[in-house]
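My entries follow in the order in which I looked.

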Amino acid sequence: MSKLGNIPVQAKSEKKRTNPLARVFDELIQFCQSRSMFMLHYCTGCGAIELPPAMTSRFDMERLGIQPMVTPRQADILLVTGYVSVKTLKRVILTYEQMQSPKYVIGICSCTVNGGMYWQSYATAKVLNEYLPVDVYIAGCMPRPEAVIMGLRRLMSNIENGKGNAWKDYYERYDYYLGNQQHLFGDDWQTPVDVIGEAKFYDLEGEETYGEHTRTLEQHQEPLEAAVMRVKL
Amino acid sequence: MASFNSISELLAQLLFMPMLAFLLGLVMVLMYRKIAARLQRRIGPPFFQPVYDIVKLYSKDTQISHGLIHDIGIVVAVGGYVAAVILLPVPGMDGIADKGGIITLSYFLMIPSLGMALGVGQCANPNGSIGISRALTAMLAYDIPFIIVVFGVALHYQSTSLVGMIDYQQAHQWGIFEMPLLAAAGLFALQGMMGKHPFEIYVAPAEIATGPMVEMSGKFMGGLFVMQSFQFYVASVLYTSLFLGGGANWFEFLLKIFFVVEIPMSISFLFPRYRTEDMVRIMWKWPVMLALIGIAFVI
Amino acid sequence: MDNLILVVILPLLAAFLMPAMARTSEVLARVTGLMVLFISIIIITSVWGSVDEQAVSYAIGGFRPPMGIVFYIDQLSLLFALLIPVMILLFWPWNKVTHIREYSLMMLLTASASGLVLSGDLFNIYVFYELLAVASYGLVVAQGRAGKKGEGAALAASLRYLILGAVGSVMMLIGIAIIYTQAGTLNLAHLALLAPEKLNNMAGLSAFALILIGVGVKAELFPVNTWVPEVYGAVSTRLSALMAGLLSKLAVIVIIRVLVLLFPQPEALQLMTILGMLGVISGELVAWRSRDMIRMLSFSSIGQLGLVFVAFSIPGDMGLMAGFAVALHHLLVKPALFMLASGWTGPLESLKGAAKQSPYIAALFVLLVMSLLGVPPLPGFWAKLLIVVNLASQAAPVYQFALAFVLIATVIEAAYLYRVVMILYHPNQGQQASVREKHKAFELVIASGAAVILIAVALQVQSMETKLSSMARQTGDRQHYINTVFSKLDLADIYHQNKVQQTDFRSNNQLQGSK
Amino acid sequence: MSVLDEVFILCALGALVLFVFHRIRGIEKLAVVFYAALLYLLIKMSGLGYGGEVIYSSFSLNILGETLQWRFDAVSWFFAIITVASGLFSAVFMSGKWGESYREKTSNAAYGTLQIALLLNVNSMLILLASGDLLSLFIGWELVSWASFMMMALNPDKQARQAAIKYIVYAMAGAMAFLAAMAYVYGITGSLQYAELAQASAALSNGQIILLSLLFFTGFAIKMGLIPFHLWQAVAYAETPAPGAVFLGAISARMGLYAIIVVLIQLIGLGHLQQIHIPFTFWNLQTVLAWVGALTTIIPTYIALKQNDARHLLAWHGVGQGGYMLLGLMTLNSLGSAGGLLHVFNYATYQAALFMTIGAVIYRTGTANFDKLGGLVTQMPLTFMVMVFSIIGLAGLPPMNGFVSKWMVYRSLLLDGEPLLFVAAVIGTLGTILSVYKLVHNTFLGQLRVEHQNVREAPLSLLIPMLVLAAIMFVTGMMPGLVLDWVASAQLAMGLVPVTYNLGGIVLASGGLDMIWITLILFYGLGVGAIIFYLLGGRAKRVHQYDNYAGGHFLTSRVRYHYSHNFYAGLMHLIGGWYRGSFKKLEQAIVSLVSLLSQLSENMYRSAQPAMMVIIVVVLSLWSISGGIN
Amino acid sequence: MNCDEINVWLDTLLEEINEIKVTRKSDRRVRVDVDASSLPALLELLKGKASYVHLSAISCVDWPDDEEFELVYHCWSYEAKSLLSAHTRIPRNSSEEFARYVSVYDIYKPAGFFERDIYEMFGIYFESSPFMEKFILTEWNGPPPMRKDFDAEAYVNETFNWAEYNPDWLQEITEEGGGIAIRPEDVRL
């Protein structure tokens with residue numbers, strides 16, 4: 001039972017850099033990151049129809065610096081709009097893992113919050129942040145564009161004052177997320193993205209990164225190493 | 001136009017010209033997005049938005065690369081434009097414009113696209129490959145009218161070095177009055193060269209997931225944004241030095257290049273995206289005809 | 001000089017005595033044939049030194065020239081007189097258990113051939129020509145190959161050859177008759193003396209045409225060479241090599257003699273060019289289509305002979321020289337190719353990959369083909385060069401056409417000859433590769449001998465060129481012919497008989513000889 | 001005993017030795033030593049490259065009243081250096097591991113014959129280059145066409161054999177045209193020496209000049225594969241074994257260019273060509289030839305765009321670049337002819353390197369078909385680097401030497417004021433850039449196939465010649481002056497005004513070229529790009545090729561996620577209609593005409609009855625008798 | 001042949017098939033009840049003779065208490081402009097894993113898709129239908145979910161867990177004694 005509202009995602013490893021110049025530099029970067037976000041709205045459900053009005057002339061998201069982007073590689077925010085069926089959740093997780101951090105997830109519509117209208121359905125995932133670390137939820141059975149923009153502004157303010165690092169939680173508590181995913185998709189669940197390798201590469205591992213779920217993952221998946229360019233005569 | 005006479009001045013120019021190009025490029029990108037917004041009755045991004053985007057992209061914590069050639073591709077893309085910019089004379093600074101003429105410059109503009117093509121090739125993503133094949137076809141399309149225009153201009157000014165051309169235009173009238181048809185064809189080619197909306201098939205977001213940029217994350221995407229700003233700058237400065245007589249002083253120069261850039265930008269939002277073969281057909285029909293008639297007058 | 005007559009008489013005698021001798025002792029009959037050939041070779045070689053710049057004429061039976069039979073020996077006739085026994089010796093039907101009849105026919109062939117070359121009298125030439133024709137008909141029938149077409153084909157071929165030959169000799173006879181009515185004499189030298197005013201008209205031209213067509217049958221001239229493919233196809237390759245190599249050249253020599261001495265006017269030359277051109281083109285074209293090695297070689301020989309005619313039709317000594325070069329080169333290469341072809345019978349496709357089996361033969365074939373086509377270092381090239389250069393320097397348009405035809409023919413020739421070479425060097429074996437019968441050692445010896453001569457000639461081209469030019473100059477010089485045959489005093493009384501106006505012969509000959 | 005005689009003796013010796021020992025294993029070492037010695041001798045003659053006087057050989061032959069003698073001047077020395085160098089490179093390429101694999105595939109004898117064929121090619125080309133008069137030029141010409149025929153006929157593949165036969169017929173037709181032209185020259189001037197033709201050419205009438213130059217030009221155009229005769233070259237060169245293709249691609253077609261230089265430019269002279277005006281067009285013969293060159297740059301390049309096999313693509317480019325050289329030579333100013341000559345050198349370097357890379361790819365993967373390749377960059381990085389260097393050269397982009405010669409030709413077209421020619425050349429270059437990227441992308445970039453996962457880099461013996469060539473390309477690109485002295489002295493030998501140049505490039509009042517500065521600036525730019533990329537951004541993690549955006553689809557090796565077939569679909573959609581192969585139809589028309597004629601004459605032979613003869617006889621005799629009587 | 005003639009002709013035709021019950025709701029709606037074995041023949045007849053060329057849907061109704069599935073084949077005729085729904089009952093045999101019935105794919109091609117749907121949702125295996133494999137519920141390996149005896153809510157409670165939604169504004173109201181009033185019948189957890 002994860003507690004909503006005050007989402008316990010404050011990453012432990014957050015430490016402010018001491019000398020003032022570095023801190024000013026970090027503030028500046030966080031300000032720029034908050035002011036320029038590339039949005040990948042994954043139209044999983046009915047909530048997606050609210051985003052075009054948010055982008056076009058009446059509500060104009062671009063003044064906030066938010067641009068729609070097509071591929072997860074270029075995107076910063078993943079907007080999961082509407083109910084997430086189990087089949088789609090697989091693709092959402094893959095897209096999330098393909099995104100480059102710092103990345104943020106916004107769950108739009110109450111179906112991502114707590115099951116919403118489809119709470120009875122056998123096929124939909126009820127609580128999104130069991131599978132992905134979610135930054136901001138926007139409840140409403142299709143929230144109006146104003147609500148969406150308010151959610152985005154909330155995210156921008158979070159980033160600005162340094163609280164927008166839910167993505168680290170995915171690496172630090174990867175075992176918890178993997179467990180939930182395996183619970184839903186079965187034990188041989190794997191994605192081509194090597195999350196553990198990334199955690200090692202950017203040393204984002206926390207205590208709970210490894211657990212019994214990651215061990216079951218190791219049995220099935222032999223991680224895909226990049227083909228290193230070598231000269232073997 | 002004092003070309004560099006001492007090494008120290010050259011070094012200063014080497015540093016200053018790309019910096020200037022980058023800044024002006026950013027402002028042009030902003031202008032592009034502002035015009036887009038205004039046409040759609042939107043407010044449009046804040047002033048420093050391009051800066052925010054680039055800083056955010058460069059400050060990404062994680063980014064993926066598909067191999068050394070992928071990295072080199074981006075390096076060549078940005079580096080190619082930095083080198084091309086140095087060949088472009090700017091009031092007060094000529095860089096090495098007289099060492100290589102306009103033919104060298106038109107070849108320098110091909111290096112970044114080929115470099116990026118190699119980089120995207122290694123991403124092993126068919127969206128990227130399709131995008132590149134369309135980008136090269138587009139290059140084939142707009143380069144022919146552009147080269148005809150270059151030929152006409154070089155023939156008219158009897159020299160291929162840009163510095164010589166600017167001096168000629170300062171002395172006589174501007175190029176646009178003496179060669180109106182060539183100027184029009186040049187504008188057409190400029191539209192293609194910008195790689196913006198009517199001729200933007202290779203970055204079609206819906207069909208091929210932004211084509212070459214499909215696997216570009218973090219600093220790779222940042223590199224492409226920098227390249228885009230250089231693209232705007234080079235296209236506009238080249239057009240001004242060919243037809244609008246380059247800049248005698250800074251204010252006049254800035255006025256001209258922003259005016260030159262503004263025309264294709266505003267045109268670009270009135271047209272849907274052309275298919276590849278339609279683009280080639282159009283580019284080989286109208287601008288080429290205009291340019292050839294223009295040349296007939298010049299000879 | 002007087003024992004030269006033996007060269008003609010002895011084989012004639014042997015030809016008729018052989019059947020009689022055969023009854024007493026088989027072996028003796030066989031040996032006499034070879035003995036006669038050796039003797040004639042010795043005789044000719046002994047005479048060889050005496051004839052160089054100055055030709056020799058020899059009246060038989062002591063009659064003064066215009067009357068009796070005259071033998072005219074100059075470098076050309078002597079060369080061919082030597083070639084005849086040598087070639088016949090080479091292509092003597094050795095190993096087959098041949099009937100004695102064939103030996104006698106071969107003897108008849110030698111006799112008539114050497115007589116044809118040496119004699120200086122028109123009618124005499126006709127007689128020997130008839131003898132030659134009869135001998136060749138007999139041989140064609142006798143040596144019919146037991147190929148898949150069997151005996152029947154040889155008979156049919158020889159029948160068609162006989163008809164054509166007979167028609168040809170009739171036309172030649174009519175031609176000679178016309179000449180006799182015009183000029184009143186048949187001695188070549190005398191005719192040469194009277195030719196400028198007597199034979200210069202339409203009748204003379206038609207006489208030449210008739211003789212040309214008549215002798216042309218043997219020389220594979222264009223309209224009358226339809227017998228060539230059947231005969232060469234049906235007959236043993238040795239005989240076809242002999243006929244293609246030697247007999248056709250003899251016929252050409254006769255035409256040249258007649259042409260140079262009797263009909264110097266340009267229309268005759270142009271007639272010969274046209275027929276030659278048609279021969280070249282049709283020969284090469286059909287060879288391009290033919291699918292069988294022997295048939296291809298026979299058509300290519302038609303083509304080459306056409307080329308010889310074109311070469312000889314060039315006015316002046318240069319033309320004669322080019323003609324001799326091509327004729328001798330063809331005489332050398334064609335028999336060798338026929339020898340190679342004897343091993344490779346059947347359709348060309350069956351030869352796939354033959355080079356792997358017999359690399360030496362294939363290499364030989366390639367060398368001969370390259371010389372035939374005219375690849376630079378080999379003599380074929382110099383011969384072709386002579387023709388092309390001389391044709392180009394002629395003004396008359398017919399020669400330009402001839403040049404174009406010759407060049408196009410060479411391209412077609414290259415196409416089909418090299419298609420054969422590619423089949424030979426095909427990587428994977430053809431079906432009947434194993435069943436192909438071996439080449440006879442004897443044929444290989446002849447072919448490689450020809451190749452050696454070819455390379456020898458290629459190495460010292462200059463000396464060959466000087467010999468050829470002297471021979472051409474001699475044959476081309478009409479006045480020289482007349483002077484050798486008639487001594488000074490005979491000339492005087494001939495004037496009186498025919499009250500010939502005293503045109504200045506010298507100027508006439510100068511013009512003609514100087515080109 | 002001049003140096004030229006030593007060269008000839010060495011050639012003869014080498015041929016003899018190779019022929020005798022062609023079956024034993026150590027032959028390739030022998031061949032490499034032979035070529036190295038030959039190159040040394042040529043370097044001894046390098047005085048020619050810097051304005052030295054002509055070197056005569058003592059061997060001479062007089063036939064038919066002509067004296068044939070052989071000599072080397074600057075132009076022939078320039079071509080000879082390239083020929084022997086490419087011979088050396090292909091011999092080194094052939095001697096290493098490639099040789100062993102070829103031996104296993106075919107046999108010792110086949111390998112030996114390939115070596116002999118290469119040697120014969122080099123020898124015959126040297127003889128051709130050393131020719132002193134028209135007759136020796138023709139002899140050399142025939143030898144070259146036979147030698148390259150031998151090289152092409154070695155390939156067991158069926159398509160290659162047809163190409164070889166097609167080649168030999170074309171070559172024979174070319175030789176016959178050359179022979180006819182030579183015969184006319186003899187007819188007009190009475191001798192075949194260059195000097196007489198040069199003097200006589202002044203007095204030639206227009207008709208004669210047209211006839212002579214057209215005949216000579218067809219002969220040489222066939223060898224160079226210019227527009228009307230370009231069908232045979234690509235297939236023939238592509239199908240020869242790799243080192244053969246390296247040699248043929250690099251230099252063999254340029255013999256035609258040498259002959260054009262000798263005859264059309266030195267003897268007949270461009271001035272004469274200009275006098276002849278084609279009626280009711282403002283063209284003269286010189287523009288016609290320039291247009292043949294321009295068309296040859298365009299049409300084969302766009303045929304190359306459609307090829308689906310790397311070797312064919314390259315071979316078609318060989319034809320295309322040949323047109324480029326002719327275009328350069330046909331411009332009226334010294335810059336253009338210098339560009340054309342320099343392009344011969346540049347083109348030889350990167351075409352040889354490209355064929356070697358393709359040879360290496362075939363050596364490792366067994367195929368050059370684009371549909372079976374992809375993603376080899378991680379397995380064969382060095383080969384990839386060499387290919388990138390050479391495609392930059394082939395496309396004519398700045399750092400490499402290809403750019404210099406292309407710039408010179410463009411600049412000369414600009415000086416002449418020829419807009420349409422300029423545009424045609426540019427269309428050719430753009431076509432090259434497109435097809436060159438297709439070559440690199442389909443072989444080295446994109447998804448790596450499962451079966452190529454443990455392909456190794458090309459062996460050292462293949463790599464060394466490639467890397468040396470790449471180095472040459474870069475150095476001569478950076479400092480074109482090195483080669484320009486040879487080109488200038490060659491221009492002098494041709495009787496043209498040499499181009500004004502310095503180490504960096506061309507000095508021209510109205511906008512010259514200084515490659516040293518341009519290369520430095522380019523590297524400065526790349527340096528800045530690298531700094532921006534590596535210092536500003538964070539670390540990038542290398543990911544596997546299946547960790548790729550595929551619209552949410554999970555990529556595995558079962559589904560091949562790669563685009564390489566019909567690479568320029570958009571462009572092909574537009575210009576697809578133009579590939580009707582009209583030239584092929586022309587060729588087939590000629591062949592069917594010939595077979596029709598032969599059928600006609602064959603019927604004539606079969607059906608001619610003796611009866612018809614009799615009728616002729618009767619008619620003839622009646623006519624003659626009637627004529628005779630009156 | 002206009003609509004009513006066809007309808008008259010159709011009624012006389014249907015009478016001939018034994019134990020068939022035809023009720024014509026309107027001139028454009030017919031309901032036919034037929035037993036399972038003769039349904040394919042009926043469809044053949046309808047398609048061949050009676051211009052009912054379009055099978056718009058096959059729907060399935062689960063009658064757990066009489067242990068039967070009811071399959072309804074909706075056929076539409078363009079000429080007669082009328083919809084005929086052929087009802088039939090097949091045994092549920094819930095003991096085995098799948099109920100069984102014959103496929104009509106060979107008569108109407110679209111049937112393949114409907115049969116696959118029913119196969120996934122209701123667990124009826126149609127013999128000789130080419131598409132008898134999972135298409136929509138690839139991730140699902142539980143019982144056929146549309147069957148009435150499948151309790152979705154129980155499954156959901158068992159597999160998923162809920163997020164307890166207790167935001168701070170709600171906490172203040174509860175402290176003052178308020179809270180969310182839920183109607184008794186809506187109380188689930």
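I began with helix H5 (residues 145-160) of chain A, which lies across S2, S5 and S7 of chain A and runs at about 170° to S7(A). Contact here requires that C-beta atoms, placed from the backbone, lie within 7 Å; helices (H or I, at least four residues) and strands (E, at least two) are DSSP runs numbered from the N terminus; axes are lines fitted to C-alpha atoms, for helices over the stretch in contact, with angles from 0 to 180 degrees between N-to-C directions. I note that this is a predicted model, in which local features need pLDDT of at least 70 and side-chain atom pairs count only at pLDDT 80 or more, while totals for chains, interfaces and linings use all residues. Residues are numbered from 1 along each chain as its sequence is written, and chains are lettered from A and ligands numbered from 1 in the order in which they are written.

Next I traced the sheet of chain A, an open one of 5 strands in the order S2-S1-S3-S5-S7 with parallel pairing, where pairing takes at least two DSSP bridges between two strands. Its edge strands are S2 (66-68) and S7 (136-138) of chain A, and the twist from one strand to the next averages 25°. Within it, S1(A) (37-42) and S3(A) (77-81) are joined by 4 bridges, with A:Met39 opposite A:Ile77. Helix H3 (86-98) of chain A lies across S1, S3 and S5 of chain A, at about 170° to S3(A).

Which chain D element gives the most to the side that touches chain B? I found 61 residues of chain D in contact with 73 of chain B, and H21(D) gives the most, with 13 residues. Across this boundary, S1(B) and S5(D) run parallel, joined by 3 bridges, and B:Ser65 has D:Arg542 as its bridge partner.

Key
Contact = placed C-beta atoms within 7 Å.
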